[in-house]
Amino acid sequence: MTRIPVLNRLDFDERQKALWEVLTAGRPEADPLDGGGELLGPSNALMRVPDLASTMVAFNGQLRASTLLDRRLVELVICIVASHAQADYAFWRHGPSAVAHGIDQATIDALRARRRPSFDRDDERIVHDLI
């Protein structure tokens with residue numbers, strides 16, 4: 001059961017269209033649409049409040065661009081938080097990216113199952129323990 005009716009890109013108003021461009025700019029891996037043009041995950045909720053969403057997108061971009069952590073550890077942090085929050089969508093979106101950036105699949109599987117992973121790398125263990 002959908003809690004929020006799903007938006008379709010064809011029905012966007014001008015502010016939503018502008019937000020869509022910001023959400024997808026420079027992120028070829030970002031595909032918040034299903035095959036029918038409907039929004040997936042948090043994008044569906046965000047598109048209903050474009051002014052707030054624009055601020056959140058800018059904040060997220062700043063976190064990604066200004067962090068001292070490499071992308072591997074950023075993706076690990078996202079997956080650790082997703083584990084604590086039991087956020088399935090975050091795992092669906094960021095699990096493959098974490099693996100592509102060097103996180104072991106067994107680590108992602110353990111986090112998804114809400115178990116402590118066995119870490120081969122000290123920086124990953126330290127990040128996990130800090131979160």
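Are phenylalanine 12 and tryptophan 20 buried or exposed? Both phenylalanine 12 and tryptophan 20 are buried, where buried means under 20% relative accessible area, exposed over 50%, and partly exposed in between (1.4 Å probe, protein chains only). The model is a predicted one, in which local features need pLDDT of at least 70 and side-chain atom pairs count only at pLDDT 80 or more, while totals for chains, interfaces and linings use all residues. Residues are numbered from 1 along each chain as its sequence is written, and side-chain values use heavy atoms, with hydrogens and water left out.

A search of the whole structure gives 2 aromatic pairs. Rings of Phe, Tyr and Trp (its six-membered ring) pair if their centres lie within 6.5 Å; planes under 30 degrees apart count as stacked, over 60 as edge-to-face and the rest as tilted. The ring centres of phenylalanine 12 and tryptophan 20 are 6.0 Å apart, and their planes stand at 50 degrees, so this pair is tilted. The rings of tyrosine 89 and tryptophan 92 have centres 5.5 Å apart and planes at 40 degrees, so that pair is tilted. Tyrosine 89 and tryptophan 92 are 3 residues apart in helix H5, and are therefore separated by about one helical turn. Helices are DSSP runs (H or I, at least four residues), numbered from the N terminus. Tyrosine 89 has 26% relative accessibility and counts as partly exposed. Tryptophan 92, at 47%, counts as partly exposed.

Helix H5 (residues 88-100) packs with helix H4 (residues 71-85) at an angle of about 150 degrees, with axes 9 Å apart. Axes are lines fitted to C-alpha atoms, for helices over the stretch in contact, and angles run from 0 to 180 degrees between N-to-C directions. H4 is therefore roughly antiparallel to H5; angles over 145 degrees count as such, and those under 35 as roughly parallel. The contact (heavy atoms within 4.5 Å) includes Glu75, Ile78 and Ala82 of H4 and Phe91, His94 and Ala98 of H5. Its residues divide into 6 nonpolar, 4 polar and 2 charged. Ala, Val, Leu, Ile, Met, Phe, Trp, Tyr, Cys and Pro count as nonpolar, Asp, Glu, Lys and Arg as charged, and the others, Gly among them, as polar.

Glutamate 75 lies in helix H4. Its relative accessibility is 0%, so glutamate 75 counts as buried. Leaving aside neighbours within four places in sequence, glutamate 75 is in contact with Arg64, His94, Ser97, Ala98 and His101.

The axes of helix H1 (residues 14-24) and helix H3 (residues 50-66) come within 10 Å and cross at roughly 15 degrees. H1 is therefore roughly parallel to H3.

Technical notes: Helix = DSSP H or I, 4+ residues; strand = E, 2+ residues; numbered from the N terminus. Parallel < 35°, antiparallel > 145°, perpendicular 65-115°, else oblique.
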